[in-house]
Amino acid sequence: MEATDDAYMTRVTTAFTLASRGLAPLFALTGGLVATGIGVRGGLLVGVIGLALSGLFLPWREATSTTQVTSQ
């Protein structure tokens, strides 16, 4: 959130909230269909694998420091 300008912070937060809450029913339905098809344990395994791999879709950025340390 530090990379987002203060003027856009409300828009970014609203977009994130709408996307996460709006897609939850879709993923619940998909999870139910997967569990019906391959069983509850298999459905949970698919969910765990999907969650573990979701980090691959995050944008990678190099760490930048916004504060400057000075020696005294």
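Student: Which residues make the nonpolar surface patch of about 580 Å²?

Tutor: In this predicted model, the patch is made by Leu 45, Ile 49, Leu 53, Leu 56 and Phe 57. One of these residues, Leu 45, lies in helix H2, which covers residues 40-53.

Student: Why is Leu 45 called exposed?

Tutor: The relative accessible area of Leu 45 is 52%. A residue counts as exposed when this value is over 50%, and Leu 45 is therefore exposed.

Student: What makes Leu 33 exposed or buried?

Tutor: Leu 33 has its place in helix H1, residues 9-38. Its relative accessible area is 57%. Buried would require a value under 20%, and exposed a value over 50%; Leu 33 is therefore exposed.

Student: How many helices and strands are there in the protein?

Tutor: The protein has two helices and zero strands.

Student: What share of the 72 residues do buried residues make up?

Tutor: Buried residues make up 3% of them. The protein exposes about 6900 Å², of which carbon and sulfur atoms supply 66%.

Key. Residues are numbered from 1 along each chain as its sequence is written. This is a predicted model: local features need pLDDT of at least 70, side-chain atom pairs count only at pLDDT 80 or more; totals for chains, interfaces and linings use all residues. Side-chain values use heavy atoms; hydrogens and water are left out. Patches are made of residues with over 30% relative accessible area and no salt bridge: like charges are joined within 9 Å, nonpolar side chains (Val, Leu, Ile, Met, Phe, Trp, Tyr) within 5 Å. Accessible areas come from the Shrake-Rupley method with a 1.4 Å probe; for residues, only the protein chains shown count as cover. A salt bridge is a side-chain nitrogen of Lys or Arg within 4 Å of a carboxyl oxygen of Asp or Glu. Helices (H or I, at least four residues) and strands (E, at least two) are DSSP runs, numbered from the N terminus. Buried means under 20% relative accessible area, exposed over 50%, partly exposed in between (1.4 Å probe, protein chains only).
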